[in-house]
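Please look over the model shown below. The report that follows goes through its aromatic pairs, its nonpolar cores and its confidence values.

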Amino acid sequence: MCRRLCAEGLLVLLVLLGLAAAATGSERVVGGAAVGDGALPFVVRLFLDNRPYCGGTLIGAEWVVTAAHCVAASDPQKTGPGSFVACDPATLKVGYGSVSSDFGSYAAVESVVVHPAFNPGQITSDIALLKIRRGSDMAQRTAFIGVSTANVTAGERVVAAGWGQTAADNPAQASTLMSAELVVADDATCRSGALDWDGQNGLYVCTSYTKPPAVGPCFGDSGGPLVMRTDGVYALLALVSFQTNGDNKMLCAQPSTINYFSRVSTYLGFISSATGISPGALTGETTPWTQANSASIKESADSASSEKSTDSATNAKSVDSANNASSEKSAESAAARRLHMGAAALAMTLAAALASVLA
């Protein structure tokens, strides 16, 4: 049923957004630079029925973290938190080990675990996990990344990566992984686009358009990573979730655009419970993931600010529980302004496929 719900829901979204005429495929980061081969070995790409549409991040030998809206459809029989149906794992696969859109290597998905409080209507608790079946070459071609628990403040620089749209008005299919340096926005800016905003170290990390040329995530980048870097070693900060940008709802990286990323450390309790990996291991505090993976992570052209060392892993479960209540407070008016970038990208891909069948 989820395959039908995903397709129908996304095609309805496409019609509502008026994208059918422009539909040509999935896209990539606006204003970014091409990532060197092997530079970000923890970034993967999600495929639904063999169509690329979202990003993800390896956080363990068998686990990918991504946005919930990439792998769950709204359940028309329910409303509020938990009103979703997870997609059939058999319809999904994960491309890995290459910056090219032609991966050559794919991992099957064994199970989909969506945060139980995910609300598709308001895009809250927007996080999910995929358990994958490791390929024989994964150890040589990939690395997993630790979760950052660093405090984030306005003005800091972070890095987003994905195969999403490279121009606001050009939905061309991505050919290589892109990354872009973004600037963390101030609280007043972030609060203006999300009524459930509770600071950079709560539900979200928030960035905004800064100055020309336009830079930011776009359609097809959903679920992909926002990272911080220290001495060439990356840590996972958040996941591309949604954007608000006033009247220009279908244009990314505009002067009014505000980008919201699901803060991964807030959900450490959920992740640990689903994967069996301890919060300490997920953050690298009890296992030397940095030493194990840093040799695979080459210096890239992008730069990001150093992490500030803090310890919030012990509070993760209480924060995760508090999020369930916070997600229910999100107003419908704010939700109406939010746009999932992965859903729109897949809608464009589905429309293109439908047009080819009807032609």
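Phe242 and Tyr260 are both buried, where buried means under 20% relative accessible area, exposed means over 50% and partly exposed lies in between (1.4 Å probe, protein chains only). The ring centres of Phe242 and Tyr260 are 4.7 Å apart with the planes at 15°, so the pair is stacked. Rings of Phe, Tyr and Trp (its six-membered ring) count as a pair if their centres lie within 6.5 Å; planes under 30 degrees apart are stacked, over 60 edge-to-face, and the rest tilted. Phe242 belongs to strand β15 (residues 233-244) and Tyr260 to strand β16 (residues 258-263), so the pair ties together parts that are 18 residues apart in sequence. Helices (H or I, at least four residues) and strands (E, at least two) are DSSP runs, numbered from the N terminus.

This is a predicted model, in which local features need pLDDT of at least 70, side-chain atom pairs count only at pLDDT 80 or more, and totals for chains, interfaces and linings use all residues. Residues are numbered from 1 along each chain as its sequence is written, and side-chain values use heavy atoms, with hydrogens and water left out.

## Other aromatic pairs

How many aromatic pairs does a search of the whole structure find? The search gives 11. One of the pairs is Trp197 with Tyr204, which is stacked at 6.5 Å centre to centre with 5° between the planes. Trp197 is buried with a relative accessible area of 7%, and Tyr204 is buried with 4%.

Phe47, Phe103, Tyr106 and Trp163 are linked by ring pairs into a cluster. Lys93 lies over the face of Tyr106, 4.0 Å from the ring centre, and also over the face of Phe47, at 5.6 Å from the ring centre. A charge sits over a ring if NZ of Lys or CZ of Arg is within 6 Å of the ring centre and within 35 degrees of the ring normal.

## The nonpolar cores

The largest nonpolar core has 40 residues. Such a core is a set of buried Ala, Val, Leu, Ile, Met, Phe, Trp, Tyr and Cys residues joined through side-chain atoms within 4.5 Å. Which residues have the most contacts inside it? They are Leu40, Ile59, Leu177, Leu236, Tyr260 and Ile271. At least two residues of this core come from each of β2 (43-48), β4 (63-66), β11 (157-162), β13 (204-208), β15, β16 and α5 (268-275). Strand β15 gives the most, with 4 residues.

Not counting residues up to four places away in sequence, Ile59 touches Val65, Leu129, Phe144, Ile145, Leu236, Ile271, Ile277 and Leu282. Contact means heavy atoms within 4.5 Å. A second, separate core has 26 residues, among them Val44, Val94, Val109 and Leu130.

Val64 is in strand β4 and is buried, with a relative accessible area of 0%. Beyond residues up to four places away in sequence, Val64 touches Val44, Gly56, Thr57, Leu58, Ala128, Leu129, Leu130 and Ile132. Val64 and Gly223 are 159 residues apart in sequence, with their C-alpha atoms 10.0 Å apart.

Leu203 sits in the loop between α4 (187-193) and β13 and counts as buried at 3% relative accessibility. From C-alpha to C-alpha, Leu203 is 8.5 Å from Thr124, although the two are 79 residues apart in sequence.

Why is α5 described as largely enclosed by the rest of the structure? Because 6 of the 8 residues of α5 are buried. These are Leu268, Gly269, Phe270, Ile271, Ser272 and Thr275. Just after α5, Gly276 has a positive phi of about 80°.

## The protein as a whole

The protein contains 10 helices and 17 strands. Of its 359 residues, 57% are buried. Among contacts between residues at least 6 apart in sequence, 76% join residues at least 24 apart.

The average pLDDT is 75, and 67% of the residues score at least 70. This value is the predictor's confidence in each residue, from 0 to 100. Among the elements, β4 has the highest mean pLDDT (98) and helix α8 (residues 316-328) the lowest (36). The pLDDT is below 50 over residues 7-28, a stretch with 67 contacts in the model beyond near neighbours in sequence. The pLDDT is also below 50 over residues 343-359, where the model has 41 such contacts.
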